[in-house]
Amino acid sequence: MLDKTQQGKSTVIGIGSGKGGVGKTTFAVNLATMLRESGKKVLIFDADLGLANIHIAFKNRVDGTMIDVLQGTKSLPEIIIEAENGVHIISGGNGLDEVLSINKHSATQIVHSFSELEGLYDYLIVDVSAGIDDNVMTFMAACDFKIVLGTEEPSSIADAYALIKMLTKKEHLSDLIYVPNKVRNTRNGQNLFDSMNKIAQKFLGASLNFIGSISYSSDYNQAWTKGVPAVTMGQSAIIERDYEDIIEALKQFDTPEDSARVRFFS
Ligand SMILES: Nc1ncnc2c1ncn2[C@@H]1O[C@H](COP(=O)(O)OP(=O)(O)O)[C@@H](O)[C@H]1O
Ligand SMILES: [Mg+2]
């Protein structure tokens, strides 16, 4: 078992996108790895219940998932696996039976179950599934930082906006972060952010927070094939810089305490 963290307080980062395949899991894996390399204790929860694939990114085997916890056959600490680089992982499970066993109350139950791990990690990164269903809303609202990741593809812009709209209008969240992914360069990333921010301001009356963007690199696909995080391949300085900038920007943020909500570790 891990020692308690220095401050005893975990920072919880949720990553959603609306649309699938835009890079949430890749982002979660590399962000976690960079934080781990700076000495932090990091846990990733793959909240894509029934379709979890985070273990593949680390070439790990899974022998228990959140579904086992929901069914009462395993405890949360029992299903935590450790990747080679020291990042800890919890799988949301995969398989049709597992998908069918999840109901709409599961997300709240899962969020509560994390209180068992309180104080053990500096960071919990929640890789939220695609879509905008109730579970997605519950997981995102339960995080300190709510990151919506998107690319410049029209379908990703539309789905990221739909997620931002739901989080703003239905969950009444006002501190959303939008991170452009697979951009050509940082200027292109800033432009995509500005466009999304303008739409959110105009139609939702909400301003989005900027923490940087992630450039396109074929290294990410290679990394998946090899089962190692792209930031550790050492092939591209841009990849590491993107994540360093994002981590630095996140540190500048003060997350408002909102004890009225269902939250991880409370
Ligand atoms: N910045 C990037 N540049 C290039 N390819 C990327 C980038 N981010 C993700 N990808 C690729 O996009 C695909 C989908 O990524 P994934 O993380 O599985 O998306 P999601 O979890 O949102 O479904 C993967 O093949 C991954 O390698
Ligand atoms: Mg994914």
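How much of the accessible surface of the protein belongs to carbon and sulfur atoms? I looked this up first. The accessible surface comes to about 12100 Å², and 48% of that belongs to carbon and sulfur atoms. I note that the model is predicted.

**Overall form**

I went through the secondary structure next. The protein has 10 helices and 7 strands. Its radius of gyration is 17 Å, close to the 18 Å that the globule rule gives for 266 residues, so the protein is as compact as a globular protein of that length. I also took the box along the principal axes: the C-alpha atoms fill roughly 50 × 40 × 40 Å.

**Burial and contacts**

I checked burial across the chain. Of the 266 residues, 54% count as buried.

**Charges**

I counted 25 positive and 33 negative charges in the protein. Their mean positions lie 5 Å apart.

**Helix H5**

I then turned to one helix. Which residues of helix H5 (residues 106–113) are buried? I found Ser 106, Ala 107, Ile 110, Val 111 and Ser 113. They cover an arc of only 160° around the axis, which puts them on the same side of H5.

What do the buried residues of H5 pack against? I found strand S2 (42–47), helix H3 (66–70) and helix H6 (134–141).

Definitions and conventions
Residues are numbered from 1 along each chain as its sequence is written. Chains are lettered from A and ligands numbered from 1 in the order in which they are written. This is a predicted model: local features need pLDDT of at least 70, side-chain atom pairs count only at pLDDT 80 or more; totals for chains, interfaces and linings use all residues. Side-chain values use heavy atoms; hydrogens and water are left out. Helices (H or I, at least four residues) and strands (E, at least two) are DSSP runs, numbered from the N terminus. The radius of gyration is taken over C-alpha atoms; the globule rule is 2.2 Å times the number of residues to the power 0.38. Buried means under 20% relative accessible area, exposed over 50%, partly exposed in between (1.4 Å probe, protein chains only). Accessible areas come from the Shrake-Rupley method with a 1.4 Å probe; for residues, only the protein chains shown count as cover. Lys and Arg count as positive and Asp and Glu as negative; His and the chain ends are not counted. The place of a charge is taken as NZ of Lys, CZ of Arg, CG of Asp or CD of Glu. The arc is that of the directions from the helix axis to the C-beta atoms. Contact means heavy atoms within 4.5 Å.
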